[in-house]
Amino acid sequence: MPRKRSPDSTSDRQRIQFAYNADCDTRIGEVFQYLLKSDKLPSRKGKHKGLDAMTAYWQAFACQENDALSDEEKGAIARESIEALSQQIDLIRETFGIEAPVNPVNPAQLKQEMRLVATAVVQEFVASGAIPASAVENVTTQTANAASTTVAKPAPSSDEGVDFDEEALLGGLFDSSEIAA
């Protein structure tokens with residue numbers, strides 16, 4: 001790894017020259033033209049922006065091979081890289097109006113949200129008269145009794161489905177004579 005230069009010494013520094021030629025009509029050529037010749041960025045600043053983007057991604061990998069760094073230092077550099085990349089991603093999203101993907105929900109939180117939605121739907125059916133309140137009370141009582149007396153059993157496999165008493169919960173809501181094709 002090149003040594004860091006002390007402020008008073010320039011004679012002992014080691015340098016790496018990095019050169020790359022690209023055709024102007026390629027994607028990388030377009031990027032270089034933007035960074036070096038854009039009215040929005042002075043040439044020197046454009047070079048630095050390009051190097052910052054490249055460093056944000058590759059620095060953690062390069063430092064991974066440096067035996068002089070501890071695992072904690074390597075982890076800190078990796079976190080800095082992730083933060084820099086996240087900022088770059090946020091800038092692209094903001095500039096082009098792209099929404100961030102939804103973060104995955106943990107199963108317990110998803111289960112709780114599903115219960116809230118199911119409860120709200122059932123309450124609407126009861127309020128509209130589509131489901132008799134007594135059917136909901138019976139299901140609630142049965143569920144409470146089952147929960148208090150049931151010992152832990154394995155979850156059903158994905159092809160077993162969920163078993164519930166449709167008649168008690170939904171009543172005649174889906175009578176075949178009332179369903180329009």
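# Briefing on an all-helical predicted model

From the N terminus on, the protein chain runs α-α-α-α-α-α. It holds six helices and zero strands, where helices (H or I, at least four residues) and strands (E, at least two) are DSSP runs numbered from the N terminus. The model is predicted, so local features need pLDDT of at least 70 and side-chain atom pairs count only at pLDDT 80 or more, while totals for chains, interfaces and linings use all residues. Residues are numbered from 1 along each chain as its sequence is written, and side-chain values use heavy atoms, with hydrogens and water left out.

**Chain-level surface and contacts**

- Of the 181 residues of the protein chain, 10% count as buried; buried means under 20% relative accessible area, exposed means over 50%, and partly exposed lies in between (1.4 Å probe, protein chains only).
- The accessible surface of the protein chain comes to about 15900 Å², and carbon and sulfur atoms account for 55% of this area. Accessible areas come from the Shrake-Rupley method with a 1.4 Å probe, and for residues only the protein chains shown count as cover.
- Among contacts between residues at least 6 apart in sequence, 27% join residues at least 24 apart; a contact means heavy atoms within 4.5 Å.

- The structure holds four aromatic pairs. Y57 and F61 form one of them, a tilted pair with 5.6 Å centre to centre and 45 degrees between the planes.
- Rings of Phe, Tyr and Trp (its six-membered ring) pair if their centres lie within 6.5 Å; planes under 30 degrees apart count as stacked, over 60 as edge-to-face and the rest as tilted.
- Y57 and F61 are separated by about one helical turn, because they lie four residues apart in helix α2 (residues 43-64).
- Y57 counts as partly exposed at 40% relative accessibility, and F61 is partly exposed with a relative accessible area of 42%.
- The rings of W58 and F61 also form a tilted pair, since their centres are 5.6 Å apart and their planes are at 55 degrees.
- W58 and F61 are three residues apart in helix α2, and therefore about one helical turn separates them. W58 is exposed, at a relative accessible area of 51%.
- Through ring pairs, Y57, W58 and F61 are linked into a cluster.

**Nonpolar surface patch**

- F18, Y20, I28, V31, L51, M54, Y57, W58 and F61 form a nonpolar patch on the surface, with about 950 Å² of accessible area together.
- The elements that give two or more residues to this patch are α1 (27-37) and α2. The most comes from α2, with five residues.
- Patches are made of residues with over 30% relative accessible area and no salt bridge; like charges are joined within 9 Å, and nonpolar side chains (Val, Leu, Ile, Met, Phe, Trp, Tyr) within 5 Å.
- I28, one of the patch residues, is found in helix α1 and counts as partly exposed at 36% relative accessibility.

- R93 and D90 are separated by about one helical turn, because they are three residues apart in helix α3.
- R93 is partly exposed, with a relative accessible area of 23%; D90 is partly exposed as well, with a relative accessible area of 45%.
- R93 is found in helix α3 (residues 71-96). Not counting residues up to four places away in sequence, R93 touches I98, E99, A100 and P101.
- K74 also has its place in helix α3. Leaving aside neighbours within four places in sequence, K74 is in contact with C63, Q64, N66 and L69.
- K74 and F61 are 13 residues apart in sequence and 9.1 Å apart in space, C-alpha to C-alpha.

**Cysteines**

- A search of the whole structure finds zero disulfides, a disulfide being a pair of cysteine sulfur atoms within 2.5 Å.
- C24 counts as exposed at 51% relative accessibility, whereas C63 is buried with a relative accessible area of 7%.
- C63 is also one of the residues in contact with K74.

How values were computed. Salt bridge = Lys/Arg side-chain N within 4 Å of Asp/Glu carboxyl O.
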